[in-house]
Amino acid sequence: PVFSVRFAAASALVALKDESGMAWLRPLLTSEHAGVRVGAARATKDEAGSDWLAVVRALTKEDDPEIRRQAAELIAPHDSELARATLEPLLNDSNPAQQQAAADSYVTVTADFAVLRRYLRDADAGTRVRAADRILELTR
C-alpha cells in the first residue's frame, strides 16, 4: 500500500524489461504532481514515445527548478537544444546548490567541447570529473 514501495517495484520491473511495471507507471505520467510525473518519466525513459516526449517537454516549463533540471536530462537525447535552453537559466539560479546541480546536468548533456573545456577548470572536483568523462565519451 505504500506508494514509494510500489513505485520502486514498478520501476525495477521496467528496468528488468518486465512490462507489468509499465501498466502501473504509465498513468503516473499524467499525475497532477510534477515530481511524480518526472519520476515516472525517468522510470519509463526506455519506452520514450510521442506521449512521453510531450510529458517531458511540459516538465521543462514547470516552476520548480529541480523538476526542470531533471526534465532537461531526460529530454537531452531527444532534443538537445531544449535541454540546453532549459539548463542555461538554472546555471545562474539564486540557489548555489541548484547552480551546481544544473552545471552537473549541463556537462552530461552538452556536446560542445569549448563548454566542456571550461568545466574542466570548474571549482568543483565532481564537475571536472564529469566534464572529463563526457569528453572521453564523445571522443570514443
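Helices here are DSSP runs of H or I with at least four residues, strands are runs of E with at least two, and both are numbered from the N terminus. The model is predicted: local features need pLDDT of at least 70, side-chain atom pairs count only at pLDDT 80 or more, and totals for chains, interfaces and linings use all residues. Residues are numbered from 1 along each chain as its sequence is written, and side-chain values use heavy atoms, with hydrogens and water left out.

Start at helix 1. Helix 1 covers residues 3-15. Its 13 residues, at 1.5 Å each, should span 18 Å, and the end C-alpha atoms are 18 Å apart, which agrees. The expected span is 1.5 Å times one less than the number of residues. Four residues of helix 1 are buried: Phe-7, Ala-10, Ser-11 and Val-14. Buried means under 20% relative accessible area, exposed means over 50%, and partly exposed lies in between, with a 1.4 Å probe and protein chains only. Down the axis of helix 1, the buried residues fall within an arc of 100 degrees, so they line one face of the helix. The arc is taken from the directions that run from the helix axis to the C-beta atoms. The background is simple: an α-helix has 3.6 residues a turn, so residues three or four places apart point the same way.

What does this face meet? The buried residues of helix 1 pack against helix 2 (20-25) and helix 3 (34-43). Contact means heavy atoms within 4.5 Å. Not counting residues up to four places away in sequence, Ser-11 touches Leu-25 and Ala-43.

Next comes the end of helix 1. Just after this helix, Lys-17 takes a positive phi of about 65 degrees. That is a positive value in a residue other than glycine. Lys-17 sits in the loop between helix 1 and helix 2. Its relative accessibility is 61%, so Lys-17 counts as exposed.

Move on to helix 4. The buried residues of helix 4 are Trp-52, Leu-53, Val-55, Val-56 and Leu-59. They cover an arc of only 160 degrees around the axis, which puts them on the same side of helix 4. Ser-50 and Asp-51 are exposed on the other side. The buried residues of helix 4 pack against helix 3 and helix 5.

Two packed helices are described by the angle between their axes and the distance between the axes. Helix 4 (residues 50-59) and helix 5 (residues 65-75) pack at an angle of about 140 degrees, with axes 8 Å apart. Axes are lines fitted to C-alpha atoms, for helices over the stretch in contact, and angles run from 0 to 180 degrees between N-to-C directions. From helix 4, Trp-52, Leu-53, Val-56, Arg-57 and Leu-59 meet Ile-67, Arg-68, Ala-71, Leu-74 and Ile-75 of helix 5. By class, this contact has 8 nonpolar, no polar and 2 charged residues. Nonpolar covers Ala, Val, Leu, Ile, Met, Phe, Trp, Tyr, Cys and Pro; charged covers Asp, Glu, Lys and Arg; the others, Gly among them, are polar.

Now turn to helix 7, residues 96-109, where Gln-98 lies. At 8% relative accessibility, Gln-98 counts as buried. Beyond four places in sequence, Gln-98 touches Pro-65, Glu-66, Arg-69, Leu-90 and Asp-93. Gln-99 is also found in helix 7. At 30% relative accessibility, Gln-99 counts as partly exposed. Leaving aside neighbours within four places in sequence, Gln-99 is in contact with Leu-90, Leu-91, Asn-92 and Asp-93. Gln-99 and Pro-65 are 34 residues apart in sequence and 9.9 Å apart in space, C-alpha to C-alpha.

Asp-124 lies in the loop between helix 8 (113-119) and helix 9 (125-139). At 26% relative accessibility, Asp-124 counts as partly exposed. Not counting residues up to four places away in sequence, Asp-124 touches Gln-100, Asp-104 and Arg-130.

Finish with helix 9. Thr-127, Ala-131, Arg-134 and Ile-135 are the buried residues of helix 9. Seen down the axis of helix 9, they fall within an arc of 100 degrees, so they line one face of the helix. Helix 7 and helix 8 are included in what covers them.
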